[in-house]
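Student: I have a structure to read and would like to know what stands behind the words used for it. Please take me through them one by one.

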Amino acid sequence: MGIENFSASNGWISRFKQRHGLVFKKLAGESAAVDTNATDLWFQRLLELLEEYEPRDIYNADETGLFFNCLPDRTLALKGESCHGGKSAKERLTVLLCTNSDGSDKQVPVVIGKSAKPRCFKNVKKLPVKYYANSKAWMTSEIFRDILHALDKFSGAKGRKILLFIDNCAAHSPDTSSLKNVKVIFYPPNCTSVVQPLDLGVIKNFKQAYRKQLVQRALCLMDERKEVKMKINILQAIHFIVSAWQQVTQFTIQNCFVKCGYGERNEESDMSEVNTNDEDEDWTQLGTGTAGVDFDAYVSVDQELATCGVLSVEEMCEEVASGSSMEEGQVDSDDNDEVDPKPVPSFQEALSTFETMRAFIYAHEIADRDQVNIINIEKLLFSLKSKGASKQIKISDFFNKK
């Protein structure tokens with residue numbers, strides 16, 4: 001433009017980048033090893049695969065490793081940890097997420113831990129997730145096969161034929177001949193960071209919501225100055241996982257699928273960045289005042305965490321010799337430092353706690369849908385009371401025993 005000795009201020013550069021949508025991104029991990037020829041062929045094939053299916057019948061599933069107890073001060077210690085066993089294996093879970101392309105059906109998360117029956121599961125009749133266990137807390141071909149058959153049964157009950165996209169790893173058995181309602185398509189190798197929707201924002205969104213809850217809990221405990229353990233057990237982690245998965249919005253899921261070529265781009269949305277929590281405040285504000293904490297690194301601390309693998313002969317022999325296969329009923333040592341779970345509260349105790357919680361919530365301004373949720377909880381309490389009464393009362397209870 002003929003302008004010599006031009007020097008831009010930081011504010012000018014920032015506005016210029018914002019105006020033209022310029023962002024800086026670093027290729028790392030799997031993204032740096034993407035086979036561009038394979039991805040071009042894949043996108044050509046993708047259009048043919050999607051022709052016979054509606055958006056609600058197109059699914060993607062993927063596993064991710066999760067250091068469920070990791071707080072920001074441990075980010076550097078765990079970052080880059082592949083976690084094939086040892087102490088770190090007790091602090092990780094593998095979570096499989098599955099959703100369809102329009103975000104209308106987020107399947108129940110699958111959680112894989114190291115212990116088959118940890119101490120915190122005592123008195124728990126039903127978990128809000130599908131839980132499996134093995135000595136590595138990894139996805140295995142047996143678990144994957146069980147998940148596929150459950151999805152096939154779900155689709156058959158709904159009278160639907162669905163298309164499931166998943167990456168081609170060692171644990172994902174290629175034998176899908178027994179499936180009647182699910183057609184499985186494997187992604188080409190070294191391409192999932194570009195072609196898989198869950199890798200392009202959904203999993204990161206999920207982990208942001210999970211770690212936001214973890215940091216919120218830690219801050220609340222520090223505010224109360226309670227002498228309690230900062231660590232959470234697997235049951236508490238499962239509750240956070242379910243809540244985090246619920247917070248992933250349908251809008252985010254749709255945008256991630258569109259970014260991978262599943263459908264047309266929404267002109268009203270900015271696809272240069274797949275945003276996270278739409279209605280909540282920026283969760284990174286939780287770190288205000290915490291010096292030296294990189295929250296983006298904190299969220300992605302377990303990005304490269306191994307979720308499956310092939311055991312060596314030595315590892316298999318060691319596992320058999322130590323009996324670490326975690327059979328049903330066995331309690332792993334990762335819960336040995338916990339006290340026994342509290343006894344199941346009575347209906348009167350539960351109702352009193354609920355009334356206290358309701359009074360606290362109603363003292364603040366809440367949305368209409370949250371009021372409906374509170375009413376539903378009260379209905380559930382009385383429903384469980386009536387079911388418990390019908391099981392416990394016997395004819396002998398009406399006679400006085402002498």
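Student: How many cavities does a search of the whole structure find, and what makes a space a cavity?

Tutor: The search of the whole structure finds 2 cavities of 30 Å³ or more. On a 1 Å grid over the protein atoms alone, a cavity is a set of points where a 1.4 Å probe fits but cannot get out. Rolling a probe the size of a water molecule over the atoms shows where empty space is left. This is a predicted model, with residues numbered from 1 along each chain as its sequence is written. Local features need pLDDT of at least 70 and side-chain atom pairs count only at pLDDT 80 or more, while totals for chains, interfaces and linings use all residues, and side-chain values use heavy atoms, with hydrogens and water left out.

Student: How much space lies in the largest cavity, and how do you know the volume?

Tutor: About 140 Å³ lies in the largest cavity. The volume is the space filled by probe spheres set on the grid points, which are joined across faces, edges and corners.

Student: What makes a residue part of the lining, and which lie nearest the centre of the largest cavity?

Tutor: A lining residue has an atom within 4 Å of a point of the cavity. The largest cavity has 15 such residues, and Leu96, Cys98, Gln107, Ile147 and Leu151 lie nearest its centre. Strand E2 (92–100), helix H4 (141–158) and strand E5 (162–166) each give two or more residues to that lining. H4 provides the largest share, 5 residues. Helices (H or I, at least four residues) and strands (E, at least two) are DSSP runs, numbered from the N terminus.

Student: How does the lining of the largest cavity divide by class?

Tutor: It has 13 nonpolar, 1 polar and 1 charged residues. Ala, Val, Leu, Ile, Met, Phe, Trp, Tyr, Cys and Pro count as nonpolar, Asp, Glu, Lys and Arg as charged, and the others, Gly among them, as polar.

Student: Which residues line the second largest cavity?

Tutor: Asn69, Leu71, Leu214, Arg217, Ala218 and Met230 line the second largest cavity, which holds about 30 Å³ of space. By class, 4 are nonpolar, 1 is polar and 1 is charged.

Student: Why is cysteine 308 called buried?

Tutor: Buried means under 20% relative accessible area, exposed over 50%, and partly exposed in between (1.4 Å probe, protein chains only). Cysteine 308 has 19%, so this residue counts as buried. Cysteine 308 lies in the loop between helix H9 (295–299) and helix H10 (313–322).

Student: What does cysteine 308 touch?

Tutor: Leaving out residues up to four places away in sequence, cysteine 308 touches Trp138, Met139, Cys169, Ala170 and Ala171. Contact means heavy atoms within 4.5 Å. The C-alpha atoms of cysteine 308 and threonine 140 are separated by 6.6 Å, though the two residues are 168 apart along the chain.

Student: Why is glutamine 196 called buried?

Tutor: Its relative accessibility is 0%, so glutamine 196 falls under the 20% limit and is buried. Glutamine 196 sits in the loop between helix H5 (192–195) and helix H6 (202–224). Among the residues it touches are Asn60, Asp167 and Cys260.

Student: What is the order of the strands in the sheet, and what makes two strands a pair?

Tutor: The open sheet has 6 strands in the order E4-E3-E2-E1-E5-E6, with mixed pairing. Strand E4 (130–133) and strand E6 (182–186) are at the edges, each with a single partner strand, so one side of each has no neighbour in the sheet. Two strands pair if DSSP finds at least two bridges between them. E1 and E2 have 9 bridges and run antiparallel; E2 and E3 have 3, also antiparallel. Strand E3 (residues 110–113) and E4 have 4 and run parallel. Each of these pairs therefore meets the limit of at least two bridges.

Student: What makes E2 mostly covered?

Tutor: In E2, 9 of its 9 residues are buried. Arg92, Thr94, Leu96, Cys98 and Asn100 point one way, and Leu93, Val95, Leu97 and Thr99 the other way.

Note on methods. 1 Å grid on protein atoms, 1.4 Å probe; cavity = no way out; pocket = protein on both sides within 12 Å on 5 of 7 lines; lining within 4 Å.
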